[in-house]
Amino acid sequence: MLVIDKPAGLPVHPGPKGGETLADHLDALRFGLPRRPEVAHRLDRDTSGCLVLGRHPKALRRLGDLFQRNAVEKVYWAVVEGGPAADAGEIDLALAPRSPERGWWMRVDAGGQPALTRWRVLGRGDGLAWLELRPVTGRTHQLRVHCAAMGGPIRGDAIYGTAPRFDGPGLHLHARAVAVPLYPRKPAIAVEAPAPGHMRSPLAVLAGGGPLQPD
């Protein structure tokens, strides 16, 4: 297994418009193995942070099973507009595609797939809130739709929020940490990724000028 810090703006998989993707760089991560590693889960193009790779087919199957069973603990940081009134809680709202033609474009739908996110506030200020998000399920755009449904869309979200489509501040969503129980008799492998450049300034304000390492 490898865990990399994926930069925001880099797609994981090729899209219909082409362009650079993470797949263009995976051969550089062989580190002596005959095959390149492959991604074990998804991160949106504009989401930065921890991305898990399997180094060979057996590892990919093992990791795929762990993610499918929601056994991997994932922690995200988000800067949202406004923010919830409470300091912690959970969002339990099922999600479904808005249309079959664009299966990635999601909406809250009681008849959709169950989706659960736990959250807590790490800081507030200037009309923004810094949230720690822990998705229990792994639906497409789950965190982005759940935050918007809660009344606090993620800063820089041009799909579910208020950001302009072009020249916005960038999506303020970061895969902060993962804990992967790869070996049954050993502690989970825990990895953290530092906040990306475009999020550091607002996070520093929301942290009160202190370090970006909340308890």
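Me: What makes a pair of atoms a polar contact here?

Reply: A polar contact is a pair of N or O atoms within 3.5 Å, where, within protein, one must be able to donate a hydrogen and the other to accept it, and residues adjacent in sequence count only if both atoms are side-chain atoms. A polar side-chain atom of His172 and the backbone oxygen of His198 lie 3.3 Å apart. This is a predicted model, in which local features need pLDDT of at least 70 and side-chain atom pairs pLDDT 80 or more, while totals for chains, interfaces and linings use all residues. Residues are numbered from 1 along each chain as its sequence is written, and side-chain values use heavy atoms, with hydrogens and water left out.

Me: Why is His172 called buried?

Reply: Buried means under 20% relative accessible area (1.4 Å probe, protein chains only); His172 has 0% relative accessibility and therefore counts as buried.

Me: Which residues does His172 contact, leaving aside its neighbours within four places in sequence?

Reply: With contact meaning heavy atoms within 4.5 Å, the partners of His172 on that basis include Trp77, Ile154, His198 and Pro202.

Me: What makes a set of residues a nonpolar core?

Reply: Such a core is a set of buried Ala, Val, Leu, Ile, Met, Phe, Trp, Tyr and Cys residues joined through side-chain atoms within 4.5 Å. The largest nonpolar core has 26 residues, and Leu22, Leu51, Leu53, Leu133 and Leu173 touch the most other members. A second, separate core of 11 residues includes Leu66, Phe67, Val178 and Val180. Leaving aside neighbours within four places in sequence, Leu173 is in contact with residues including Tyr76, Leu133 and Met199.

Terms used. Buried means under 20% relative accessible area, exposed over 50%, partly exposed in between (1.4 Å probe, protein chains only).
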